[in-house]
Amino acid sequence: MVEPRGSSDETGTDGTGEGETPGRSAAVRGLPPAPSGSWSLPSRIVIMAAVVVLTIGVTLHLLLVFLFVAPPNAISKKYDRLVKGYVYPEFDQNWQLFAPNPLQDNIAVHARAEVAFSDGSRRTTNWLALTAQDIREIRRNPVPSHAHQNLLRQAWDFYNRTHDAKGRAIGLRGELSEAFVRRIAAHRLGYRIDGGQVVKVQIYAMNTPIIPPKWSGDSGSTKKTYQVLPWWPVSKKEFP
């Protein structure tokens, strides 16, 4: 008498299939064959090349940023132009989070645009709160982007550090900071508004002092100050 498949003689007394070969067990259960676990040669070459390029890029980035923030040394002095050319403006660093000179103001940056229309008329938009936009993106977001957290803040700090008390640019870095802030504002406002083309942007910042704690004994100033920049022309190159 022929016993039915899957009986105790074939699968074992406990029904676990220990007496079957892996291939036959998979076939009986209707499972697909086990994958080989290997990639084709072209795929492996592409993956390895991507890993190597990514590793080199991350290593160079960390090295250049480290040389920028490290105390002056023979290597950083020798490659000063290369290091600063890479870091500025997107990866600019500052240490104003710590003593003795931490930031003590809340800074809110705003921008508006002058829009030119095809009939020759021009119109000035209302102020757009750039800092408030970033704050909305950060709040209740467990993983906010680096751009929303730092791009505008670092750009504004970079601008102030490279301009004198009268708002004049200090060297090429000052001019670079102007272009950086101008481009951020232009991107936020957009190239076209209500059918017209953005031709100028203006930026202002409101500085609100942070009231010191009562136990510090420092009354501090609560007066808001304003920093208004001139109108800057923009062109298509300011937009992606």
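Helices are runs of at least four residues assigned by DSSP and numbered from the N terminus. In this predicted model, the protein chain has eight helices and seven strands. Trp-156 and Tyr-159 both lie in helix α7, three residues apart, which is about one turn of the helix. Their ring centres are 5.5 Å apart and the ring planes meet at 15°; because planes under 30 degrees apart count as stacked, the pair is stacked. Trp-156 is buried, at 3% relative accessibility, and Tyr-159 is also buried, with a relative accessible area of 3%.

Of the 240 residues in the protein chain, 27% count as buried. The largest nonpolar core contains 26 residues, and Trp-156 is among those with the most contacts inside it, as are Val-109, Val-181, Val-198, Ile-203 and Trp-232. Two or more core residues come from each of β1 (105-116), α7 (146-161), α8 (171-189) and β5 (196-209). Helix α8 gives the largest share, six residues. Leaving aside residues up to four places away in sequence, Trp-156 touches Ile-107, Val-109, Val-181, Ile-203, Ala-205, Gln-227 and Leu-229.

Four aromatic pairs were counted. In one of them, the rings of Trp-127 and Tyr-204 have centres 4.7 Å apart and planes at 80°, so this pair is edge-to-face. The pair links distant parts of the chain, 77 residues apart: Trp-127 lies in the loop between β2 (122-124) and β3 (128-129), and Tyr-204 in strand β5. Trp-127 is partly exposed, with a relative accessible area of 33%, whereas Tyr-204 is buried, at 15%. Together with Tyr-226, Trp-127 and Tyr-204 form one aromatic cluster.

Conventions:
Residues are numbered from 1 along each chain as its sequence is written. This is a predicted model: local features need pLDDT of at least 70, side-chain atom pairs count only at pLDDT 80 or more; totals for chains, interfaces and linings use all residues. Side-chain values use heavy atoms; hydrogens and water are left out. Buried means under 20% relative accessible area, exposed over 50%, partly exposed in between (1.4 Å probe, protein chains only). A nonpolar core is a set of buried Ala, Val, Leu, Ile, Met, Phe, Trp, Tyr and Cys residues joined through side-chain atoms within 4.5 Å. Contact means heavy atoms within 4.5 Å. Rings of Phe, Tyr and Trp (its six-membered ring) pair if their centres lie within 6.5 Å; planes under 30 degrees apart count as stacked, over 60 as edge-to-face and the rest as tilted.
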